[in-house]
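Thank you for asking for comments on this two-chain model. My notes are set out below as numbered points, to be read beside the coordinates.

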2 protein chains.
Amino acid sequence: MNKSMGKVYLVGAGPGAPDLLTVRAARLLARASIVFYDALVHPETVALATGANKVAVGKRCSQISTDQRFINRCLIEAAQKHEVVVRLKGGDPMLFGRAMEEIAALERAHVPYEIVPGVTAAFGAAAQLGVSLTERGVARSVAFVTPRIGHGEPQAEWVKSVLEADTAVLYMGVGRAREIQAALLDAGLSRATPIAIVEQASLPEARVFSCVLSDLHQAMDWGITGPAIIMLGEVFRRVLPAWQAELLSAFA
Amino acid sequence: MNKSMGKVYLVGAGPGAPDLLTVRAARLLARASIVFYDALVHPETVALATGANKVAVGKRCSQISTDQRFINRCLIEAAQKHEVVVRLKGGDPMLFGRAMEEIAALERAHVPYEIVPGVTAAFGAAAQLGVSLTERGVARSVAFVTPRIGHGEPQAEWVKSVLEADTAVLYMGVGRAREIQAALLDAGLSRATPIAIVEQASLPEARVFSCVLSDLHQAMDWGITGPAIIMLGEVFRRVLPAWQAELLSAFA
């Protein structure tokens, strides 16, 4: 290993609000010479890197994004020039963060690295709703899933993991709400399954929607443009509109 | 609502290391008049509440723990006397944190509350290992589960959610490693499934073990006394001892 080589920190920026960053991450940003950040990271979080060159690497679902190999190369080159290189990712880097590709590239290039975990969007959303993802006697398991729509699988793997968990959190799926609804209904999930959708969790612009599975397709009309997650399961019954909860319990 | 009533903050303390607390949580602790903390929270984290009366409410798996109803009553009474009441829980409050019972009690008593999310142990453990819980082409779903051993269910729910997820994280199970192994093998999970166990994730005392499912019972001999999580799935193949990984690929 080159003794003059710097270190790359893969850092979770948390669910959105700048003060939901960890203390360790904030200290690293203050020390960083260069920061590569995802498009979803809050500008105030990026701004904590007061002495750093800040490079957007625009990873954002369904928008123009920087090629992963290019990001990998940037990180390696930056470590050859700077002592503290921060790669800032939304949420936690080890959950749907594509961290493994960057880690593998850093290892191949013998660049020292360290992971700084973060608060994932699901926890920001659960906090916003005031609903725990687990609950004694109701939910003992939680699945975090990215739905994979339209790949011709008869019963997609992601659907099975949703079915077998008490609570499920779908990342990056709101734009395909109709297909997700169809896949879950086809697989036999109850039409009355309570659902909560949280957009921009933890930010002042946050919006919360709740419905049952049979109404999930209507989420397409809610004008959701920010990052959002879909959450399913009995624990979300308490955030259903009162009329709907009453109707459901009448049929229970 | 009583206008002079304070607010209760249910705060995630993160996976262990004091600097893996969020900035928001650190600021709340500095303002708190009283803090009720779980036994697993790091003493340095509790010490951030410089002006607070600090009350241990000793929730810890398989050890003496404070009755939940007593904790609920303490929180309500504290809010009647203090402006900022912090309830500090390990990890994130909304994942295996029994937060719903406290939230329900606060709502019944009309006590204002707010949830501050935290970094869960699984993310601390993944960071420690340098292994992402998800990986393109390998793992698109992650289940977080508390195993329920010896309740006479023919195939326990928790086992199914482990089977159907690409990656699984078992909280609070190391003491029952043998029973967990038996349940997963009985359900048909491959004996060669890679496993990583992380004890005291994110702390200097952290220890990491890796093996395959057929050797999981040996975890009972590793002298694990601190909080630990068991993680299963293909993504952990890279942390298997080299001889074992080679052996497995020879039989693949």
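The points that follow take up the basis of the model, then the interface, then some elements within the chains.

1. This is a predicted model, in which local features need pLDDT of at least 70 and side-chain atom pairs count only at pLDDT 80 or more, whereas totals for chains, interfaces and linings use all residues. Residues are numbered from 1 along each chain as its sequence is written, chains are lettered from A and ligands numbered from 1 in the order in which they are written, and side-chain values use heavy atoms, with hydrogens and water left out.

2. The contact between the chains (heavy atoms within 4.5 Å) draws on 52 residues from chain A and 52 residues from chain B. Together chain A and chain B bury about 4,300 Å², of which 61% lies on carbon and sulfur atoms; buried area here is the accessible area, taken with a 1.4 Å probe, that two parts lose on being put together, summed over both. On the chain A side, A:Met100, A:Phe123 and A:Arg140 account for 17% of the area that chain A buries against chain B, more than any other three residues.

3. Four salt bridges are counted between chain A and chain B, the criterion being a side-chain nitrogen of Lys or Arg within 4 Å of a carboxyl oxygen of Asp or Glu. A:Arg24 forms a salt bridge with B:Asp19, and their closest N and O atoms are 2.8 Å apart.

4. Which elements of chain A each supply at least two residues of the side that touches chain B? They are helix H1 (23–31), helix H4 (99–108), strand S5 (113–116), helix H5 (121–129), strand S6 (141–145) and helix H6 (157–164), where helices (H or I, at least four residues) and strands (E, at least two) are DSSP runs numbered from the N terminus. S6(A) gives the most to this side of chain A, with five residues.

5. S6(A) also pairs with strand S6 (residues 141–145) of chain B, in the antiparallel sense and over five bridges; strands are taken to pair if DSSP finds at least two bridges between them. Within this pairing, A:Val142 has B:Phe144 of S6(B) as its bridge partner.

6. Strand S8 (residues 194–199) of chain A is mostly covered, with six of its six residues buried, that is, under 20% relative accessible area with a 1.4 Å probe and protein chains only, against over 50% for exposed and in between for partly exposed. A:Pro194, A:Ala196 and A:Val198 point one way from S8(A), while A:Ile195, A:Ile197 and A:Glu199 point the other way.

7. S8(A) has antiparallel partners, being joined by six bridges to strand S9 (residues 207–212) of chain A and by five bridges to strand S10 (residues 228–233) of chain A. A:Glu199 has A:Arg207 in S9(A) as its bridge partner, and A:Ile197 stands opposite A:Ile230 in S10(A).

8. In H4(A), the buried residues are A:Ala99, A:Met100, A:Glu102, A:Ile103, A:Ala105 and A:Leu106. These buried residues of H4(A) pack against strand S1 (7–12), helix H3 (68–81), strand S4 (84–89) and S5 of chain A, and H4(A) is followed by A:His110, whose phi is positive, near 55 degrees.

9. Leaving aside neighbours within four places in sequence, B:Leu88 is in contact with residues including B:Val11, B:Leu29, B:Phe36 and B:Val46.
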